[in-house]
Amino acid sequence: MKHAAFDKNKVMVGPTALRNRFFAAYCLLAAALPVHSHKVNPSVQRTVRVKIAVDEEFRRRPLQFLETRKLVAAASSFFQKNFGLAFQIQDLKYWSSDNSKATLSGLFQSLYEEMERGESDIVLGFTGQIRSESEVSGVASYRHGYALVKKMKYEYLTRVTVIHELCHLFGAVDLEQETSVMNKDEPRLECDEFTRQIVHLNKNRRFDPAVFPLPPEDMNSAVSLYLDRKRLYHGEAGVPLMLAIFYLEMRDYEKAIQECLEAEKIAPHEPAIERLLKLAHQRK
């Protein structure tokens, strides 16, 4: 990505290096501060450790790390209120995002491949790369516990997108429900009953990449919730997609394929659906 004021005939080594040193020192100081200045809410039943990854475009302007802290704190407040969950920043890493990637999904794949979670439970990436207006504002993987959010024009939009993507990590899906944080087009800071139930079920989900997020005894309960939602016929591709993920883990490959095909009717040419369908056929 080109810089608006970049001149290839001038090399600004001194100022750039100095700015990077100041930024690094600033981030170390900010990282030492607690996410919340008040006492921990006694209703919190689990605190999820977060690794923050910020790319060069996102951190170009000063005080961007404070912004990420505010975003995580806002998400933590929402999750405390609705699910009894909280988030705490465990680590901050710089991430050199690939400017050649045409989509946010492509950037997400790079983040997943390049950024290890370490001692954290989840990885939350932020990018300042400019995309087209039609491009999605966030991507998340339920199975892997990674999420990526792009910098939005307005702080509120970035905040609600962070919460939306974090909900995906706990089993929530994009909904055709107007007053919901999981509305796929215009999410709001409100929680619908389906999202509340599925996130509560995933409250103690595992983030170990070697095992499925939910233990066998909870998988059937999750499938029942998704099937109940599916029967409402809202045309939500994320519901059969999640069912396919669960059926694949349960080794019911016929049902996994069926759910992928139903999701494909709603969202044709969606890469995630195509990958899952291919995997189900391979394992069948």
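Modeller: Contact means heavy atoms within 4.5 Å. Residues 24 or more positions apart account for 66% of the chain's contacts with a separation of 6 or more. This is a predicted model, in which local features need pLDDT of at least 70 and side-chain atom pairs count only at pLDDT 80 or more, while totals for chains, interfaces and linings use all residues. Residues are numbered from 1 along each chain as its sequence is written, and side-chain values use heavy atoms, with hydrogens and water left out.

Colleague: How many helices and strands does the secondary structure of the chain come to?

Modeller: The chain has nine helices and five strands, where helices (H or I, at least four residues) and strands (E, at least two) are DSSP runs numbered from the N terminus. The order from the N terminus is α-β-α-β-α-β-β-β-α-α-α-α-α-α.

Colleague: What makes Lys151 and Glu67 a salt bridge?

Modeller: A salt bridge requires a side-chain nitrogen of Lys or Arg within 4 Å of a carboxyl oxygen of Asp or Glu. The closest N and O atoms of Lys151 and Glu67 are 2.7 Å apart, so the pair meets the definition. The two residues belong to distant parts of the chain, 84 residues apart: Lys151 sits in the loop between strand E5 (146–150) and helix H4 (155–168), and Glu67 in helix H2 (residues 64–83). The search of the whole structure finds 15 salt bridges.

Colleague: Are Lys151 and Glu67 buried or exposed?

Modeller: Buried means under 20% relative accessible area, exposed over 50%, and partly exposed in between (1.4 Å probe, protein chains only). Glu67 has 12% and is therefore buried, whereas Lys151, at 27%, is partly exposed.

Colleague: Why is Glu236 called buried, and which residues does Glu236 contact?

Modeller: Glu236 has a relative accessibility of 6%, and therefore counts as buried. Glu236 lies in the loop between helix H6 (216–230) and H7. With neighbours within four places in sequence set aside, its contacts are Asp174, Leu175, Glu176, Arg229 and Ile266. Glu236 also meets Arg229 in a salt bridge, at 2.8 Å from N to O. Arg229, at 7% relative accessibility, is likewise buried.

Colleague: What makes the pair of Lys284 and Glu254 a salt bridge?

Modeller: The closest N and O atoms of Lys284 and Glu254 are 2.7 Å apart. Elsewhere, Glu176, Lys184 and Asp185 are linked in a network of salt bridges.

Colleague: How do you know that H7 is mostly covered?

Modeller: Ten of the twelve residues of H7 are buried, among them Leu241, Met242, Phe246 and Tyr247. The buried residues of H7 pack against H6, H8 and H9. The helix reaches 17 Å from its first C-alpha to its last, close to the 16 Å expected at 1.5 Å a residue; the expected span is 1.5 Å times one less than the number of residues. H7 is followed by Arg251, whose phi is positive, near 65 degrees.

Colleague: Which residues have the most contacts inside the largest nonpolar core?

Modeller: They are Phe79, Phe87, Tyr226 and Phe246, in a core of 63 residues. Helix H7 (residues 238–249) supplies the largest share of this core, eight residues. A nonpolar core is a set of buried Ala, Val, Leu, Ile, Met, Phe, Trp, Tyr and Cys residues joined through side-chain atoms within 4.5 Å. Another core lies apart from it, with eleven residues, including Leu107, Phe108, Met115 and Val139. In soluble globular proteins, nonpolar side chains tend to be buried together.

Colleague: Which residues form a nonpolar patch on the surface?

Modeller: Tyr154, Tyr156, Leu157 and Leu189 form the patch, with about 350 Å² of accessible area together. Patches are made of residues with over 30% relative accessible area and no salt bridge; like charges are joined within 9 Å, and nonpolar side chains (Val, Leu, Ile, Met, Phe, Trp, Tyr) within 5 Å. Areas come from the Shrake-Rupley method with a 1.4 Å probe, and for residues only the protein chains shown count as cover. Tyr156, in helix H4, has a relative accessible area of 36% and is therefore partly exposed.
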